[in-house]
Structures are given as structure tokens and as C-alpha cells.
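Here are some notes to read beside the model. Please keep the sequence and the structure open while going through them.

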Amino acid sequence: MNYATVIASRLELNVRQVEKTIELLEQGATVPFIARYRKEVTGSLNEVQIAAIRDLLLRLKELDKRREAILSSIGEQGKLTPELRQQIEKADNMTDLEDLYLPYRPKRRTRATIAIEKGLEPLADAIMSGRWRAESGKWSDEDLQGARDIIAERISENAASRNRVRNIFRRKAMLSSALARGVDPNDEKVGKFESWIDWKEPINRAPSHRILALFRGEEAGVLKVHVRPDSDDDCIANISRPTGEIHKSKQIPPSSGFMDYTAGGSKEASEQIQLAIKDSYKRLIEPSIETEFRNILKEKADREAIRVFAENLRQLLLAAPLGQKRTLAIDPGFRTGCKVVCLDAQGQLLHNETIYPFTSVREEHAAVNKLEALVEAFQIEAIAIGNGTAGRETEEVVQKCRFKNKVIAVSVSEAGASVYSASDVARREFPDYDVTVRGAVSIGRRLMDPLSELVKIDPKSIGVGQYQHDVDQKMLSESLSDTVVSCVNSVGVELNTASRELLSYVSGIGPALADKIVEHRNKNGAFADRQALRKVKGLGDKAFEQCAGFLRVRESNNPLDRSAVHPERYALVEKMAQSVGADVQTLMRDKELRSRIRLDQFVTPDCGLPTLQDIMKELEKPGLDPRAKFEVFEFDKNVTRIEDVREGMVLPGIVTNITAFGAFVDIGVHQDGLVHVSQMASRRVSDPSEVVHLHQHLKVKVLDVDLRRHRISLTLKGIE
């Protein structure tokens with residue numbers, strides 16, 4: 001198989017682009033590196049296109065591996081004809097390949113194999129040929145049933161018969177659900193799935209979130225889900241419709257349809273074949289094709305859910321950082337108190353203690369005094385408050401403080417903080433502190449730099465997905481890992497302060513090399529420049545090529561080490577500077593000098609205008625952080641509980657999660673409200689992410705409050 005040709009056709013790309021991308025991937029280049037530093041080679045393909053090529057290449061290689069195994073298996077059976085080999089070699093998807101293999105697949109004992117063991121295959125052949133007559137031999141009902149079992153299995157193993165049924169499923173299959181047999185309608189667990197009892201819709205219209213909800217209900221034992229046409233008639237009729245010739249061999253060739261074997265044959269044979277066709281469909285083909293379509297729907301739903309999850313994760317990781325500010329972080333709690341930590345501008349722990357503002361008025365006064373003292377003692381510039389239990393109440397305590405200097409207070413998502421605090425990463429960072437201290441540190445660091453802190457947590461625990469436990473976990477992990485890698489490399493990493501977790505996501509590094517970098521840094525001190533990376537044991541030329549451009553060394557004497565310009569282009573930049581009579585540092589400072597550079601004079605076979613334009617952008621703003629600037633947000637001070645929320649209120653909120661059916665918004669009452677996709681705009685919205693983004697600050701209007709079910713319905717419509 002010519003992988004590049006197939007991939008280019010499926011992804012609608014130029015074959016040459018795909019060939020070069022495959023070449024780079026197989027040389028060990030990463031997606032971020034190829035997208036950023038090999039634009040001339042790939043024709044400026046972006047990360048999404050390069051990842052698609054990589055993934056499809058992997059699937060095609062798996063297809064070829066399976067193809068070879070099938071050819072080998074059929075060959076060992078002595079049944080590999082030239083025609084069959086050609087059909088197998090032409091198959092371009094796993095479904096067609098497995099259909100061709102089905103008649104030859106080693107199988108357990110079936111009704112058909114038992115009938116063959118009884119010597120009934122000649123009878124089945126006679127019936128299929130149309131020669132059989134009822135008076136031509138004394139055959140019992142049991143014998144005829146055995147012959148029909150053989151015919152039914154042959155039909156079910158015929159590729160064309162299966163494809164005819166498949167085509168009808170594609171056009172007419174319905175996704176339906178009903179209460180599972182034996183389930184009490186009044187059972188408490190039925191409640192969350194009551195909307196899906198007696199549900200039915202065409203599979204082509206079923207949205208991903210509903211597919212996953214129905215399958216979750218089935219997994220819980222509440223629902224029974226089916227994926228099949230309402231009627232069997234079309235499928236049965238299509239299996240038996242004639243193709244114009246009669247085939248008399250024992251095995252129906254995979255290339256043919258199941259024909260009208262009774263053309264010119266006996267009425268008795270026709271009746272037996274029709275019975276076999278119906279049995280084949282109901283007992284063998286329909287369950288198999290239904291399973292296949294269930295899997296197709298599940299994969300479709302998984303991919304969409306994972307796409308939404310990955311996009312949410314991207315927005316969360318690229319959320320605006322507060323930056324290097326001395327921060328006091330609070331992990332709120334009622335009975336157990338609020339754990340308070342003070343961090344320096346680099347996020348290092350300076351102090352920790354616990355305050356108890358909710359046990360008595362006296363303790364509240366003591367807590368206020370303590371916070372005021374800590375802010376002054378550690379010259380705190382910002383306060384990060386966890387948004388979980390007691391979060392709003394803790395904000396109220398902070399608001400009572402009278403600080404001598406301006407201090408901003410920010411509510412910070414706690415999602416995943418408990419996972420981090422109990423992790424090996426946290427224990428390694430803070431071996432002498434308990435989980436409450438580690439959790440508070442994580443909250444503070446999230447405010448300072450969300451990306452650097454959140455990479456320490458399994459992305460599935462961050463709380464920005466929907467149905468993350470229901471989808472294909474391997475596919476989810478791969479997608480989320482790709483997202484983290486993309487985000488880390490798009491921002492860039494400071495080599496001398498980055499954690500091993502952050503470094504491990506840098507192009508070409510990985511966990512083992514990240515450990516060696518940190519070990520070298522701890523032993524030998526800060527890296528003076530990018531070239532010093534080469535002294536790290538195990539970091540060879542290939543790893544250096546892949547990672548160097550994404551690492552920053554702010555204190556380096558070479559100003560290009562602070563930028564995204566790759567070291568392989570340093571000599572080129574020096575030539576640019578010389579062309580206008582300056583050194584590199586002066587060129588980076590002087591816009592007028594940069595404007596005098598003619599890029600066309602520096603084009604080479606391996607460095608074209610796309611790369612040169614990227615270099616000029618970096619010279620203008622070296623190491624520019626692509627993330628937005630931080631903005632302070634405040635909830636409505638008069639609304640702190642769900643009981644305070646009233647229909648018609650317009651409230652400030654923060655988008656906390658985006659799903660296929662809408663967006664969840666935190667309005668500060670410990671229960672996120674839902675803006676359904678139908679309430680996002682006056683126009684029809686198919687994808688909520690077109691309208692809102694994660695952590696967006698917005699105004700929402702309350703449509704309804706359901707205190708019993710703790711649900712808040714919100715809208716973005718009609719807000720002045």
C-alpha cells in the first residue's frame with residue numbers, strides 16, 4: 001500500500017506534503033517541531049493536519065499487519081485463490097478485510113459445523129443448487145434444519161450479503177432505548193435516565209452526548225439499547241434478491257451477492273432457502289451488524305466527546321496567568337479550617353498554617369487579623385481562594401480584611417487539586433507536608449501559571465470533560481496528551497525553572513530525559529544557554545534538535561535563547577543583523593533596522609519565507625507568551641447560595657465547562673448553571689465553543705431554578 005497516496009486522498013492533501021511529513025515522523029520528529037520548524041518541507045501543514053497524517057498512517061500500518069496475518073491464515077488452510085488474494089489486497093478498511101476473512105476464520109462449534117459433522121453438507125449443497133426435491137430422499141425435519149443451518153452460516157459469511165444489510169442499516173437504522181427487562185420504573189437509579197425511556201431517533205441524527213447517555217444507561221442496567229431498522233423485511237429481501245447467476249460450489253464466493261438459487265430449481269428448495277435466509281438474518285447477520293453499528297456510533301460519540309474535552313483542556317491550560325506575584329493561597333474548609341500558604345514569586349512555599357474563621361465570631365476576627373499580618377509579612381500581591389466548599393464564605397472573610405497595599409483576591413478552580421496533593425509528584429515536591437498544604441500550594445500556583453501547575457495532574461481529573469469515563473480511554477489519553485504537548489510547546493518553557501513534569505511535555509524530551517535535565521540542573525546549577533543542554537547525559541543531537549527551540553534561557557548572554565528562534569537559524573539571524581550593520585541584540589531592539597531587511601535575500605532551499613517571517617516575528621517580540629492577559633473577576637456579593645438565585649436575575653459568571661449540548665457557568669453558588677445550546681444566541685448554534693470559551697467572564701440571565709434537583713437554567717439571550 002502506498003501510504004502517502006492513500007492518506008493524501010483521504011485528508012485532501014498534496015501527496016508530496018504527506019510523503020515529506022511521513023519521512024519526518026519516521027525520523028523521530030514530533031508534531032510541534034514539524035509544524036513550527038519544518039514549514040518549507042511540509043508546505044506549512046499545521047499541527048492538526050500533521051497529527052491526522054500520523055494517526056492515519058498508524059491505522060494503515062495496523063491494517064496491513066492484519067492483512068498479512070489473514071493471508072497467512074488462509075494460505076495455511078490451502079484456500080488462498082488468486083482471486084481471493086486480490087480481493088484481500090485491495091481491501092482498504094478493516095470491515096471489508098474481516099468480511100473477506102469471515103468464511104475462513106477458525107471458529108468454535110456452531111449449529112452449522114455440527115450439521116456438517118452429521119454428514120448433511122451434501123443435502124445443503126443440493127438445496128442451494130435447486131436440484132433438491134422433497135421426494136428425492138427421505139430426510140427428516142431435523143436433517144432439513146441442519147442443512148438450513150449450514151446454508152444460513154454460508155449466507156452470513158458472505159461479504160456481499162453483509163454489505164447489503166449494512167447499506168440498509170446506514171439508511172434506516174434507528175437508535176432506540178427502553179426500560180431494561182426486570183427493572184422497577186420506581187427504582188431510584190431510573191431517575192437520571194428517565195428522559196431516555198422509550199426513546200427513538202435515526203442514527204444519523206443522534207448527537208454524541210445522547211449516544212453516550214443511552215449507552216451509560218445500558219451499562220447501569222437501566223436501559224436496553226438497540227441499533228437496527230424498524231423492520232426486517234428490507235434486509236431479508238435484499239439478501240435474497242437475484243444477481244443473475246447460480247453458483248453451485250459449497251462456498252459462496254465473497255465477491256458475489258447471495259443469489260436466487262432457486263431460479264429454474266424446485267419450489268421445495270426455494271422454500272428451504274427462504275427459511276435459511278430469515279434464520280441467517282435474525283440469528284447471525286442482524287446481531288453482528290447491530291454490534292458493528294453500535295461500535296461505529298460509540299466511536300463517533302467518543303471522538304466528538306474527546307474533541308470537546310481536548311478543546312476545553314486546551315483553553316484551560318492556556319488560561320491567562322497572573323504571572324510571578326507573591327501569592328497567598330487558601331484551601332477553604334468549614335470544620336477542618338482553611339489551610340493558608342504563602343508563596344514567593346516563583347511559587348516556592350514560604351509559610352503555612354491553618355485558620356478557623358467559621359467556628360466562632362472570635363475565630364473569624366482572629367482569621368482576619370492573621371491574613372492581614374501574613375499579607376504584610378510576606379509582601380503578598382495576590383490571594384488565591386479555592387472555589388470548593390466554603391469558597392464563597394472564605395471570599396467574604398478576605399473582603400473584611402484591610403490591607404495596607406493593594407491585593408487582588410481571585411477564586412481559583414480546585415478541580416484535580418486533591419488528585420495532585422496525593423500524587424507522587426506532590427510527595428516528591430513536598431515530602432514533609434501533608435495533603436492539605438500541597439493542595440493549597442497547587443491552588444496558588446494555578447493562579448500564577450495554570451499551565452505549569454496543571455501539567456502535573458492527569459488531564460482526566462481536571463474536570464473539563466463530559467462522559468470521560470465512558471469513552472475509549474486509550475483514545476482519550478492520546479488526544480489529551482497531544483493537547484498538553486501542543487499547549488506546552490506553543491507557550492515555551494523556561495529551562496532553568498521548569499518542573500520535570502513540564503519539561504517532559506517538551507518536544508523530544510519525555511519523562512526520562514526530563515529527569516536527567518533536572519538532575520543535571522540540581523548538580524551543576526542553572527544552564528547558561530541552550531548549548532549547555534548538550535552536556536546533559538543522554539541528550540543527543542536528535543533530542544536537542546527537537547527540543548531546543550521550545551526552551552527558553554532568560555539569563556543567557558545570547559538574546560536568541562530567550563526566543564522561539566531555533567539554534568539552527570542563529571547563524572542566519574547574525575547574517576541578517578550584519579546586512580544592516582548591527583549585532584543581533586541591536587536588531588531585536590530596533591524596529592527601523594528590522595524593516596530594512598529584505599527577506600528574499602535570505603531564502604535558501606531549506607529556509608523559505610514562512611520560516612523567515614516567523615523569525616522576524618520573534619525578533620520583534622522574543623518569547624512572547626501567546627496567552628491572554630489576566631483579568632480580575634468578581635461574583636455578585638449578594639448571591640452566595642442557590643437559594644439566593646431568582647428567575648430573571650442577571651449575574652456575572654465564569655464558563656467552567658463546555659459540552660456538545662451547552663456550557664456550564666459558575667455564578668458563585670457552588671452549583672454551576674447550564675446555558676443550553678438553544679439559549680446561547682438568537683441564531684441556531686451547533687457548537688457551543690463557537691460562542692463561548694473556557695474561563696470566559698460573562699453575564700448570564702437566570703431562566704429557572706430547580707432547588708429539588710439542584711439545577712439552574714441560564715441564558716445568554718436578552719441581556720443588555
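How much space lies in the largest cavity?

1. The model is predicted, so local features need pLDDT of at least 70 and side-chain atom pairs count only at pLDDT 80 or more, while totals for chains, interfaces and linings use all residues. Residues are numbered from 1 along each chain as its sequence is written, and side-chain values use heavy atoms, with hydrogens and water left out.

2. About 90 Å³ of space lies in the largest cavity. A cavity is a set of points on a 1 Å grid over the protein atoms alone where a 1.4 Å probe fits but cannot get out, and lining residues have an atom within 4 Å of a point. Volume is the space filled by probe spheres set on the points, which are joined across faces, edges and corners. The structure holds three cavities of 30 Å³ or more.

3. The lining of the largest cavity includes R36, Y37, H566, D614 and E618. α3 (31–37) and α28 (609–620) are the elements that give two or more residues to this lining, and α28 has the largest share, with four residues. Helices (H or I, at least four residues) and strands (E, at least two) are DSSP runs, numbered from the N terminus. By class, the lining has four nonpolar, two polar and five charged residues. Here Ala, Val, Leu, Ile, Met, Phe, Trp, Tyr, Cys and Pro count as nonpolar, Asp, Glu, Lys and Arg as charged, and the others, Gly among them, as polar.

4. The second largest cavity has a volume of about 70 Å³. Among its lining residues are S208, H209, E304 and Y467. The elements giving two or more residues are α12 (208–219) and α14 (267–317). Five lining residues are nonpolar, four polar and one charged.

5. The second largest pocket holds about 1600 Å³ of space. A pocket is an open set of points with protein on both sides within 12 Å along at least five of seven lines. Of its 50 lining residues, W196, H209, Y467, F661 and L674 are the closest to the centre. Elements that each supply at least two lining residues include α12, α14 and β14 (697–706). The lining divides into 18 nonpolar, 17 polar and 15 charged residues.

6. Three strands form an open sheet in the order β2-β1-β3, with antiparallel pairing. Two strands pair if DSSP finds at least two bridges between them. β2 (199–202) and β3 (223–228) are the edge strands. Six bridges join β1 (residues 174–179) to β3, and S176 stands opposite H226 in β3. α14 lies across β1 and β3, at about 105 degrees to β3.

7. β5 (residues 338–343) and β6 (residues 349–355) pair in the antiparallel sense over six bridges. The two form a hairpin with five residues between them, and G347 in the turn has a positive phi of about 85 degrees. V341 has N352 as its bridge partner in β6.

8. α7 (residues 94–101) and α11 (residues 159–172) pack at about 140 degrees, with axes 9 Å apart. Axes are lines fitted to C-alpha atoms, for helices over the stretch in contact (heavy atoms within 4.5 Å), and angles run from 0 to 180 degrees between N-to-C directions. α7 and α11 are therefore oblique to each other: angles under 35 degrees count as roughly parallel, over 145 as roughly antiparallel, 65 to 115 as roughly perpendicular and the rest as oblique.
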